[in-house]
Amino acid sequence: KKEYQVVNLAVLAELFPQGGEIHRGLIWLQGAVRNGFPVKVLGDGEVSAAYTLKGVKASASAKSKIEAAGGSISED
């Protein structure tokens, strides 16, 4: 079983209020997760900016909130 570092949408909204393209490395550089582990975004919180998340997994609720705000998620 993979062990994921989890980060909530509320944390992403606080760290990256402008939205934009965000990858796992940027989340790590901000200190939200440890390096070397896969990242999963959970749907706790709201987003108003469009995020293009790359290299992360997302829960169904996080994915729907990100897409509703005009963003997208890619696991690559």
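Trainee: What pattern does the protein follow along the sequence?
Mentor: Reading along, you get β-α-β-α-β-β-β-α-β, with helices (H or I, at least four residues) and strands (E, at least two) taken as DSSP runs numbered from the N terminus. This is a predicted model, where local features need pLDDT of at least 70, side-chain atom pairs count only at pLDDT 80 or more, and totals for chains, interfaces and linings use all residues. Residues are numbered from 1 along each chain as its sequence is written, and side-chain values use heavy atoms, leaving out hydrogens and water.

Trainee: How many helices and strands is that?
Mentor: Three helices and six strands.

Trainee: Switching topic, which residues touch the most others in the largest nonpolar core?
Mentor: Leu9, Leu12, Ile27, Val41, Tyr51 and Leu53, out of 16 residues. A core here is a set of buried Ala, Val, Leu, Ile, Met, Phe, Trp, Tyr and Cys residues joined through side-chain atoms within 4.5 Å; buried means under 20% relative accessible area with a 1.4 Å probe, protein chains only.

Trainee: And which elements give two or more residues to this core?
Mentor: Helix H1 (9-15), strand S3 (39-42), strand S4 (51-54) and helix H3 (60-68).

Trainee: What does Leu9 touch?
Mentor: Skipping residues up to four places away in sequence, its partners include Val41, Leu42, Ala62 and Ile66. Contact means heavy atoms within 4.5 Å.

Trainee: How much of the protein counts as buried overall?
Mentor: 30% of the 76 residues.

Trainee: What does the C-alpha trace span?
Mentor: About 30 × 25 × 20 Å along the principal axes.

Terms used:
Buried means under 20% relative accessible area, exposed over 50%, partly exposed in between (1.4 Å probe, protein chains only).
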